[in-house]
Structure formats: structure tokens, C-alpha cells
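This briefing is meant for someone meeting the structure for the first time. Please look over the sequence and the model, and then read the notes below, which are grouped by topic.

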Amino acid sequence: MGVKGEDAEATAALSDSVIITQLDKIVSWGRKYSFFLYPFITACCGMEFMSVAGPRYDIDRFGAALPRFSPRQADLMMVVGTISHKQAPILVKVYNQMTEPKWVYAYGACTVSGGMYDNYATVQGIDTLIPVDIYVPGCPPRPEMVLDGLIKLQEKVVRERHVKETKGVSPVGEADDRIVT
Amino acid sequence: MGIAEMIETIVKIGFIIGLTIGFFAPMLAWVERKQSAVMQDRIGANRADFFGFTVIGLLHSLADAIKLIFKEDFIPRGAERALHTLAPVIAVIPSLIAFAVIPFGGKYTLWGHEVNLVIADLDVGVLYVFAISSLATYGVVIAGWASNNNWSLLGGLRASAQMFSYEVAMGLTVIGLIMFYQSLSMVDIVAKQDNFFHWGIIWHWPAFVLFLACAVAENKRVPFDAPEAEAELVAGYFTEYSGMKFVMFWTAEFIEMVTIAGLCVALFFGGHHVPFITDAELAGGFSFLGPNVSNLVAMLIGVGVFIFKLVALLILQMTIRWTMPRFRYDQIMKLGWKMILPLSLTWIFIVGVGILTGVMPSP
């Protein structure tokens with residue numbers, strides 16, 4: 001983005017006394033390295049999630065270690081494991097309760113597409129319920145894949161701009177009872 | 001109050017606020033993260049960089065702060081809006097103002113002006129600390145009640161019961177020390193620990209163990225974190241808090257840690273005193289610099305020694321936090337009322353007998 005005409009003069013005049021930067025860049029830098037996870041763990045992928053969080057793969061290296069079990073304090077919802085239709089309203093409710101900005105990480109084949117459970121009881125991909133930011137397939141995905149997915153999500157967060165940030169409530173289900181101040 | 005004293009007080013308040021909020025609160029957030037990583041054989045946060053410099057993960061605290069400032073500020077429906085907003089403030093303030101009576105150095109004469117390195121030299125400093133620490137309960141209870149959430153309320157109730165129980169025991173653990181030093185003033189107590197063999201820890205180490213246990217329980221950190229037990233209460237009394245308000249509760253916790261460490265240093269570890277060297281000897285050692293500069297050097301060494309002891313006790317508290325599992329709630333109550341309280345009463349009796357018979361020579 002080049003600066004022309006009067007803007008260039010103004011920039012030159014102010015360059016000694018004013019630091020011009022983009023708030024977006026700083027904010028997304030902070031967000032990128034500070035995911036507070038909400039572990040929504042329902043099934044066997046949870047074992048692999050423990051491995052990712054544990055000493056061997058250590059998700060804390062990327063600044064995403066702190067699990068907050070209150071959705072108000074979480075940024076990144078890790079949906080780990082099969083979501084049945086009975087579980088779906090709970091998932092939507094927790095998503096609606098999360099405060100902005102929020103991201104969703106579909107962890108494992110079941111969350112991506114229903115996986116091998118192609119039947120009446122299982123949600124065929126959580127993106128039918130809530131917006132998903134990153135899909136990591138695998139049954140279960142290897143920890144390396146999960147970390148790669150996290151790095152890709154960080155790159156995505158850097159590209160996001162403020163105007164687009166609010167995700168709002170889920171398009172399905174009832175809106176959460178909340179006052180936004 | 002003259003202008004010089006006014007400036008002196010403002011500088012001291014600035015120093016304490018800078019030390020607690022400015023330095024120790026973000027540093028402890030980093031230490032908590034990094035120490036847990038080291039103790040669990042992990043690497044820990046190390047990716048946040050600034051032009052390629054990661055500064056051993058220190059920038060993650062900055063990233064957290066930036067993110068939390070720009071996080072949505074949330075108030076649930078049906079919440080008591082004013083109190084919901086006020087509660088984090090009420091939680092932070094007492095932990096900060098308790099530091100006012102903790103001496104972080106001795107008395108020094110600099111260029112004809114006597115500097116006493118404590119913000120408020122109260123005659124009843126120890127009582128003041130207990131009075132203020134019981135105020136901290138309000139922030140937690142109000143947060144729990146104003147959130148209009150069952151888990152918050154339960155967390156708040158647990159926190160209030162726990163803090164009141166341990167306040168009783170904590171007050172009693174210090175009685176023996178007050179009898180020994182025959183003063184309620186923190187400045188006097190520190191001054192009487194000039195001799196290494198009069199340090200609180202030498203004569204009163206059982207009281208120190210009990211005091212530290214009570215203090216950690218007051219601070220509601222692991223192993224006494226039943227008020228925010230994730231497995232039972234989601235996040236306890238701050239379940240409905242997001243962004244900076246939620247972090248203010250954590251900041252309060254960290255500042256309380258510093259205050260606890262400061263209290264332990266002042267009561268048990270001789271404050272700013274270097275073992276086996278009195279203040280006069282320390283200043284005398286630099287007498288070739290002239291009386292004023294030698295006093296200044298002694299003052300700086302004293303403050304440095306105080307901070308060194310503070311850091312050692314903070315690391316001890318961190319290690320306790322990452323070593324212990326959480327107590328069950330009834331176990332916390334039993335420990336407080338049935339073990340620590342009788343033990344501290346017994347200790348008062350022992351100290352009384354010791355002072356009467358002359359076994360414990362009161363300084």
C-alpha cells in the first residue's frame with residue numbers, strides 16, 4: 001500500500017515524532033500466540049490430544065497450552081471426537097457461549113465429516129452446526145498433523161482483519177442468552 | 001507532612017507498584033508457565049517472537065496481554081452489572097495495599113534526610129495485614145454472587161468459607177512471633193532480626209510452615225484451589241468473566257503471592273538483613289565513600305537482599321503449586337480447623353513457656 005501526495009508529505013512530516021504502525025498487526029500477533037483452548041473432547045481422539053498437550057509434542061511451545069473450561073475465557077474450541085446428534089445441542093451451546101474472537105478446530109475424521117460413523121446417530125461433520133476454521137482429518141490425526149494444523153491456524157489468524165472478526169452465534173439452534181457490552 | 005516526605009512516600013509507593021504489578025505479575029505468569037514446563041520435562045512456550053527474538057518465551061506474556069485486552073468484555077444476562085464490573089477491582093486492591101506495611105529495607109540517613117523504607121510504619125502492622133487480607137474475600141464473594149451462575153456462586157461460597165477458616169489459623173500462627181519480638185510493628189520485628197540468631201525462622205520454623213500453608217490457602221492456589229476447581233465448578237467464582245476482568249483475578253493471585261513472600265521475608269527471614277552483618281557494619285564497610293554514599297550503597301544492598309529473599313520464596317510457592325494435587329473440599333476444612341488451628345495454639349503455648357523459662361531469649 002503506497003502513500004501518495006499529501007499523505008506522503010504528512011508521513012514525512014510526522015516520521016520524526018510519530019510511530020505509524022497497524023493495530024491489526026499487533027493484535028493478530030498477540031492472538032496468534034495466545035490461544036486459550038476449550039477442550040471439547042468426546043471420544044478416542046482425546047488420547048491423541050493428551051499426547052499433543054503432553055511433554056513429547058508440547059502444544060505449549062506455540063502458546064496454546066492453557067485450557068480454560070469456562071467458554072467465556074476460551075479462544076480456540078478444540079472439537080475432539082465423534083459428535084452424536086444428542087451431543088450436538090451442547091456443542092452449539094458452548095460455541096454460542098464463547099466470547100469473541102473465537103476459532104474452532106475440527107480434530108479428527110469424525111468432526112470433519114462424521115468419519116466412519118455414516119449413520120443416523122452421528123453428526124456428519126461439525127461444520128453443519130458451527131463455523132469451522134481448520135480441519136485436521138485422521139483417525140486419530142497424528143500429533144505432528146495437529147501441530148501443523150495449529151501453525152496453519154496461526155497463519156490464518158494473522159491474515160484476519162478486525163472488521164471481519166465477529167463470528168456471532170451459530171446459525172443453527174437457539175441463540176444464547178447474553179448481553180454483549 | 002513536608003514536601004520531602006511527600007516525595008519520598010510517592011517514590012516508595014511507585015517502587016512497590018512497579019515491583020508488584022509492573023515486574024512480578026507478568027514475570028510470575030511467565031515463571032508459572034516455564035517452571036511447569038521444566039518440571040514436566042517440556043520445553044514450554046517459546047515461539048512468540050519480535051523480529052526473530054523469542055527471549056526464552058517471555059513475549060508470550062505480552063501476547064497474552066494483547067489478546068486479552070482485545071477480547072470481548074462479557075456480562076451475562078441477569079448479572080448485577082455494577083458489582084460484576086467492580087468485583088475484580090475489589091479483588092486486586094487488598095492484595096496490593098497489604099504491601100504498605102512490609103518494610104523492604106531499613107532506616108538510612110541520606111544527606112540529612114532519614115529514609116525509612118516502608119510506605120506506612122504502623123504500630124499495628126501485623127493486624128493491618130490481617131484486616132486487609134480479610135477484605136480480599138469480598139472481591140471473590142461478590143464476583144461469585146453477581147455473575148448469576150450456580151457454579152460462580154458455589155465457588156464464591158467455597159472461597160469465603162476457606163478464606164475465613166484459614167484467616168483464624170493464620171492469625172494464630174503469628175501470635176508466637178509477636179510474643180517473641182514483643183511488637184506488632186513490622187518495622188520493629190525486622191529491626192530485631194538484625195542478629196542472624198534472632199531470625200524468625202531459627203526459633204519459629206514450625207510457625208513458618210503453618211503460616212505458609214495458611215497463606216497458600218488464603219491465596220486459593222493449588223493445592224487449595226477448591227473455589228475454582230475445574231473438574232467440579234467449571235472455573236469457580238470467575239466462570240462468567242472474560243478478557244482483562246478475568247486476568248485481574250489472576251493478577252490479584254500473583255500479587256498476593258508477592259505479598260505472602262514479603263510477609264514471610266519480614267516476619268521469618270530477617271527482612272533486608274544480610275546474615276551475620278548488621279546494617280551499621282554494612283554501611284561501615286563502604287565508609288571510604290563518605291557517609292551519605294555508603295548509606296546509599298547499604299540501602300541498595302538491603303533492597304537487593306530483600307528482593308532476593310522474595311524471589312526465593314516465590315519460587316518455593318511456585319514449586320508447591322506444581323507439585324501438589326488438589327485437596328478435596330472437606331479435607332481443606334479439616335486441615336484448617338482440626339490440624340493447623342490446634343497446632344498453632346500449641347505453638348503459642350510452647351513459645352509462652354519458652355519465653356517464661358528463658359529457653360527462648362526474646363531479643
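This is a predicted model: local features need pLDDT of at least 70, side-chain atom pairs count only at pLDDT 80 or more; totals for chains, interfaces and linings use all residues.

**Backbone features of chain A**

- Most residues other than glycine have a negative phi, and most peptide bonds are trans.
- Against that background, the peptide bond that joins Glu100(A) and Pro101(A) is cis, with an omega of about -10°, and Pro101(A) itself is found in the loop that lies between helix H4 (88-97) and S3 of chain A.
- A cis peptide bond also leads from Cys139(A) to Pro140(A), where omega is near -5°, and Pro140(A) belongs to the loop between S4 and H6 of chain A.

**The sheet of chain A and the helices across it**

- Chain A has an open sheet of four strands in the order S1-S2-S3-S4, and the pairing in this sheet is parallel.
- Strand S1 (37-41) and strand S4 (134-136) of chain A each have a single partner strand and stand at the edges, so one side of each is left without a neighbour in the sheet.
- On average, and with direction ignored, neighbouring strands of this sheet are turned by 15° against each other.
- S1(A) runs parallel to strand S2 (residues 76-80) of chain A and is joined to this strand by five bridges, and Tyr38(A) stands opposite Met77(A) in S2(A).
- Helix H3 (residues 45-53) of chain A lies across S1, S2 and strand S3 (103-107) of that chain, and H3(A) runs at about 135° to S2(A).
- Helix H6 (residues 143-159) of chain A, for its part, lies across S3 and S4 of chain A, running at about 170° to S4(A).

**Confidence**

- For chain A the mean pLDDT is 81, and 81% of its residues reach 70 or more, while for chain B the mean is 86 and 100% of the residues reach 70 or more.
- Within chain A, confidence is highest in S4(A), at 92, and lowest in strand S5 (residues 179-180), at a mean of 44.
- Over residues 177-181 of chain A the pLDDT stays under 50, and for these residues the model has nine contacts beyond four places in sequence.

**Where the two chains meet**

- The contact takes 26 residues from chain A and 31 residues from chain B.
- On the side of chain B that touches chain A, helix H2 (59-69) and strand S1 (74-75) of chain B each supply at least two residues, and the largest share, five residues, comes from H2(B).

**Helix packing in chain B**

- Helix H3 (residues 81-97) and helix H10 (residues 243-268) of chain B pack with their axes 8 Å apart and at an angle of about 15°, which makes H3(B) roughly parallel to H10(B).
- H3(B) passes H10(B) in a left-handed crossing, and the residues of their contact divide into eight nonpolar, three polar and two charged.
- The residues that meet in this contact include Pro88(B) and Leu96(B) from H3(B), and Phe249(B) and Ile255(B) from H10(B).
- H10(B) also meets helix H12 (residues 291-323) of chain B, where the axes come within 9 Å and cross at roughly 120°; H10(B) and H12(B) are therefore oblique to each other, and their crossing is right-handed.
- Among the residues of this second contact are Met257(B) and Val265(B) in H10(B), together with Phe306(B) and Leu310(B) in H12(B), and the contact divides into ten nonpolar, two polar and one charged.

**A hairpin in chain B**

- Strand S2 (residues 107-110) and strand S3 (residues 113-116) of chain B run antiparallel and are joined by four bridges, with His113(B) in S3(B) as the bridge partner of Leu110(B).
- This hairpin of S2(B) and S3(B) has two residues between the strands, and Trp111(B) takes a positive phi near 45° there.

Conventions. Residues are numbered from 1 along each chain as its sequence is written. Chains are lettered from A and ligands numbered from 1 in the order in which they are written. Two strands pair if DSSP finds at least two bridges between them. pLDDT is the predictor's confidence in each residue, from 0 to 100. Axes are lines fitted to C-alpha atoms, for helices over the stretch in contact, and angles run from 0 to 180 degrees between N-to-C directions. Angles under 35 degrees count as roughly parallel, over 145 as roughly antiparallel, 65 to 115 as roughly perpendicular and the rest as oblique. A crossing is left-handed if the near helix is turned anticlockwise from the far one by less than a right angle, and right-handed if clockwise. Two residues are in contact if their C-beta atoms, placed from the backbone, lie within 7 Å. Ala, Val, Leu, Ile, Met, Phe, Trp, Tyr, Cys and Pro count as nonpolar, Asp, Glu, Lys and Arg as charged, and the others, Gly among them, as polar.
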